[in-house]
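This report goes through one protein chain, element by element. Please look over the sequence and the structure before reading on.

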Amino acid sequence: MEAPVTVRRPEHTGEHRCWPCTLLNLGLLAVGVIALATRWPAVATGVGVLGVGAIWARGYLVPYTPQFAPRLVGWLPGDVFGHGDPDTLRSLADGADDPGEQLLEGLLGAGVLEVHGEDLALDSSFRDRWSARTDDLATLDLDALAEETLAASLAADEADGVERGDQAFVVLSAADGGTAWVRRPVAIAETAAAQALEAQGHPVDGRDLAAHALCAFLETCPACGDDVVEQTAAECCGGIAPSPTVDAPPVLACPRCEVRFFRLDTA
């Protein structure tokens, strides 16, 4: 007995649907329907109905869209899929691109990090302090979290809680016009880290950068409690690499929340 043909693709629909891929397929379908309509209107209507149905049920119409779309979009300028490096507290900070050895020395000097052979680890007392602040912040509503994040940020002048669909952000704004849309789990983790750093006596200068760097030591997601795992930035439909000829970078992320906390440096 032959296996039934599977039409629905739950891994690419529902909460897993990649809307950029969906819109790309709808656009290609529209082009085809318009071309057919000039000579065969009835056929064009049928193709349009069947095509929309296929995209709704499968997430895409053009075969292998999840495989070719990320590379195709990689040629375009900007982050079309919205899956680039996440905004963090460090996004508005001076020197955000290169914290350097000075940051590491500061964390070691403040007793935040410890050296174990060739490895770095969080000091146990700091880990407990960070965890406690994380638990407290996770109970706050979005506006209250925005206030805490603003107080912890050295570069932001305003902060607002914004919801977009099923995603929640703390939007930080600086006097020079810079903005950072920080996903709620990231805001919780980094705000808690900044507060724990302050309690530990870490120097104020560079605290935003340090709070982000500490996310390299996250083990669980502050929002849902699931494990934070290492994966690539293009493991899901819609993820893109920096360019079509460069592999997507490894990141620490929560697969359940689809949030990236830290991009791993493999250089």
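Is R256 buried or exposed? With a relative accessible area of 61%, R256 is exposed. The model described here is a predicted one.

## Salt bridges

Side chains of opposite charge can pair when their charged atoms come close. The count of salt bridges in this model comes to three. R256 takes part in one of them, with D226 as its partner, and the closest N and O atoms of this pair are 3.7 Å apart. D226 lies in the loop between α8 and β6, while R256 lies in the loop between β7 (250–254) and β8 (259–263), so the pair ties together parts that are 30 residues apart in sequence. D226 has a relative accessibility of 31% and therefore counts as partly exposed.

Another salt bridge joins E219 and R127, with 3.7 Å between the closest N and O atoms. E219 is found in the loop between α8 (207–213) and β6 (229–232), and R127 belongs to helix α5, so this pair ties together parts that are 92 residues apart in sequence. R127 is partly exposed, its relative accessible area being 30%.

R133 and D136 also form a salt bridge, and their closest N and O atoms are 2.9 Å apart. Both residues are in helix α5, and because they are three residues apart, about one helical turn separates them. R133 is partly exposed at a relative accessible area of 24%. D136 counts as partly exposed as well, at 40% relative accessibility.

## Aromatic pairs

A pair of aromatic rings is described by the distance of the centres and the angle of the planes. Two aromatic pairs are counted in the model. In the pair of F126 and W130, the ring centres are 6.1 Å apart and the planes stand at 45°, so the pair is tilted. Helix α5 (residues 124–138) holds both F126 and W130, which are four residues apart, about one turn of the helix. Both F126 and W130 are buried.

The rings of F169 and W181 have centres 5.5 Å apart and planes at 75°, so this pair is edge-to-face. It links distant parts of the chain, with F169 in strand β4 (residues 167–173) and W181 in strand β5 (residues 179–183), twelve residues apart. F169 counts as buried because its relative accessibility is 15%, whereas W181 is partly exposed with a relative accessible area of 31%.

V170 stands opposite V182 of β5.

Five residues lie between the strands of this hairpin, and G177 there takes a positive phi near 95°.

Helix α2 (residues 41–58) has 18 residues, which at 1.5 Å a residue should span 26 Å; the C-alpha atoms at its ends are 25 Å apart, which agrees. The buried residues of α2 are A44, G48, G51, A54, I55 and A57. After α2 comes G59, with a positive phi near 95°.

Helix α7 (residues 184–200) has 17 residues and should span 24 Å at 1.5 Å a residue, and its end C-alpha atoms are 24 Å apart, in agreement. How much of α7 is buried? Of its 17 residues, 14 are buried, so α7 is largely enclosed by the rest of the structure.

L104 is part of helix α4 (residues 100–109). Its relative accessible area is 34%, so L104 is partly exposed.

Definitions and conventions
Residues numbered from 1 in each chain as written. Predicted model: local features only at pLDDT ≥ 70, side-chain atom pairs only at ≥ 80, totals over all residues. Heavy atoms only, no water. Helix = DSSP H or I, 4+ residues; strand = E, 2+ residues; numbered from the N terminus. Buried < 20%, exposed > 50% of the residue type's maximum accessible area, 1.4 Å probe, protein only. Phe/Tyr/Trp six-rings, centres within 6.5 Å; stacked < 30°, edge-to-face > 60°. Expected span 1.5 Å × (residues − 1). Salt bridge = Lys/Arg side-chain N within 4 Å of Asp/Glu carboxyl O. Pairing = 2+ DSSP bridges.
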